[in-house]
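Student: Please take one part of this model and look at it closely with me. I want to see what faces what, and what lies around it.

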Amino acid sequence: MQNKSSNDSKSSQRVIKKYPNRRLYDTDSSSYVTLSEIKNLVMDSEPFSVLDAKTGEDLTRSILLQIILEEEANGSPMFTTPVLANIIRFYGHAMQGMMGGYLEKNMQALMDLQAPMMKGVMPANPFQQMQDHLQKQTEQFLGTFGLKR
């Protein structure tokens, strides 16, 4: 049963193939696409995967990291140098898995708080609500390690 729903979601997902010449081919529109167009798919929350045309290896994460790299290099960067250095320090560290989960949960919480604002429904004080939520998350994170403020 679970395999069927997994197969259904995969079949409805747009597939982009990456060729050895680094060109990206959208099998849905039957045309070559750019990283910018893949970014638009992300912005539109359209599910997709990027597969190596020869091996079938899933390259989606690699392409998403490329988009972030381009955004950081060309736009107004979201991450400061110290933040990037700290993220790098977590690789191979015992807390690597926990940090990934922590960042993912906080990103989802931010998206959840942002959704009503995007619909024009503003909470009474969205910034206070966001600050309260982040403080609660930080306390949970510190509590996990037995640390108290």
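Tutor: Start with Ile16, which stands opposite Val50 in β4. The strands here are β1, residues 14-18, and β4, and they run parallel, joined over 5 bridges. A strand is a DSSP run of E of at least two residues, and a helix is a run of H or I of at least four, both numbered from the N terminus. Two strands pair if DSSP finds at least two bridges between them.

A word on the model: it is predicted, local features need pLDDT of at least 70, side-chain atom pairs count only at pLDDT 80 or more, and totals for chains, interfaces and linings use all residues. Residues are numbered from 1 along each chain as its sequence is written, and side-chain values use heavy atoms, without hydrogens or water.

Now turn to β2. It pairs with β1 in the antiparallel sense, over 3 bridges. Lys18 stands opposite Leu24 there. The hairpin of β1 and β2 has 5 residues between the strands, and Arg22 takes a positive phi near 70 degrees.

Step back to the whole sheet. It is open, with 4 strands in the order β3-β2-β1-β4 and mixed pairing. β3 (31-33) and β4 (48-52) are the edges, each pairing on one side only. The twist averages 35 degrees from one strand to the next. Angles run from 0 to 180 degrees between N-to-C directions, with axes fitted to C-alpha atoms, for helices over the stretch in contact.

Two helices pack on this sheet. α2, residues 35-43, touches β1, β2 (24-26), β3 and β4, at about 85 degrees to β3. α3, residues 60-74, touches β1, β2 and β4, at about 110 degrees to β4. Contact means heavy atoms within 4.5 Å.

Ile16 and Val50 also belong to the largest nonpolar core, which has 11 residues, including Leu24, Val33, Leu41 and Ile63. Such a core joins buried Ala, Val, Leu, Ile, Met, Phe, Trp, Tyr and Cys residues through side-chain atoms within 4.5 Å. Buried means under 20% relative accessible area (1.4 Å probe, protein chains only). α2, β4 and α3 each supply at least two of the core residues. α2 gives the largest share, 3 residues.

Finish with Leu41. Leaving out residues up to four places away in sequence, Leu41 touches Arg14, Ile16, Glu46 and Phe48.

Key. Buried means under 20% relative accessible area, exposed over 50%, partly exposed in between (1.4 Å probe, protein chains only).
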